[in-house]
Amino acid sequence: MEAALGLMRRMPPGLSRTALSSLLLLLPQHSSDLLSLVDQPLEVLWDDSCGKQFLLCDYNRDGDSHRSPWSSTYFPPLEDGTQPPPSLRALEVEANEIFALYRDQYYEGGISSVYLWETDSPEGFAACFLIKKDGSLSGDGRRGLLEQGLWDAIHVVEVEKAEDEVTAHYCLTSTVMLSMKSNTGFQGSFNLAGSITRQMEADLSLSEGHLSNMGKMIEDMESKLRNGLDQVYFGKTREMVFTLREPLDTLTASSATGQSIQHEVISDIIRSRT
């Protein structure tokens, strides 16, 4: 099981579904653990009852059906599907409306979904915040500049109310899966993909409410993840490219310097002969 999870952590997001299917065939006794522990690129489904898209994950799945956060209806229909209690459902509706605004301001498009459910902890619950942004030329998101570009963010928050009843303990686990592909005449072709997972814990006051506390933690975590991806993936890629191949402006400057030195040498030779 540890070897399987290690393999999935190193698998590019575009191949993760194929790899997971193969592991499920090889390790059928661990199928439930693999499905719950391995994050997959987010899929999209359409909610006919309200005319909105929602994202699929293990936290809104019951059997082969998935629950929409907008109408709390299962697709395909499921009569006895699991539903959150009324108090959590009301918080879930508010969280989806607020998170949609956050997604539109930070990502300028994309799809978001939020799901809440009960846990074994007294007065505790868990929440899953999902964002999917398609940055490709054919995608729905704005500013699509890549042949293929996907950003999948999964934020899972476990909440436990403290004994003093004025604070709560929050444990946030965030995973971002990034995939970019481009093929242009000037820049050439590249294919960059990977994932990163980080965790954060905090004890926060309940004066501003659970949504405010979870939102601040997710905003802070996403900033750290973006910086980490920029340093690890983009930074290392730039370092390798510039090490193996000099930038065009550097080559042009080197060529001009070389031509200038060549002209000076030729001029000295001509002067010496005259």
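**A helix pair and the cores**

A: In this predicted model, helix α1 (residues 2-9) packs with helix α2 (residues 16-26) at an angle of about 165°, and their axes are 10 Å apart. Angles over 145 degrees count as roughly antiparallel, so α1 is roughly antiparallel to α2. The crossing of α1 past α2 is right-handed.

The residues that meet can be listed from each side. From α1 come Ala 4, Leu 7 and Met 8, and from α2 come Ser 16, Ala 19, Leu 20 and Leu 23. Sorted by class, this contact of α1 with α2 has six nonpolar residues, one polar residue and no charged residues.

In soluble globular proteins, nonpolar side chains tend to be buried together. Here the largest nonpolar core has 34 residues, and Phe 129 and Met 214 touch the most other members. Two or more residues of this core come from each of α4 (86-107), β6 (111-118), β7 (125-134), β8 (148-161), β9 (167-184), β10 (188-205) and α5 (210-244). Helix α5 gives the largest share, eight residues.

Apart from its neighbours within four places in sequence, Phe 129 is in contact with Phe 99, Ser 113, Val 114, Ala 153, Ile 154, His 155, Val 157, Met 214 and Ile 218.

Technical notes: Residues numbered from 1 in each chain as written. Predicted model: local features only at pLDDT ≥ 70, side-chain atom pairs only at ≥ 80, totals over all residues. Heavy atoms only, no water. Core = buried A, V, L, I, M, F, W, Y, C linked by side-chain atoms within 4.5 Å. Buried < 20%, exposed > 50% of the residue type's maximum accessible area, 1.4 Å probe, protein only. Helix = DSSP H or I, 4+ residues; strand = E, 2+ residues; numbered from the N terminus. Contact = heavy atoms within 4.5 Å. Axes fitted to C-alpha atoms, helices over the stretch in contact; angles between N-to-C directions. Parallel < 35°, antiparallel > 145°, perpendicular 65-115°, else oblique. Left-handed = near helix turned anticlockwise from the far one by under 90°. Nonpolar A, V, L, I, M, F, W, Y, C, P; charged D, E, K, R; others polar.
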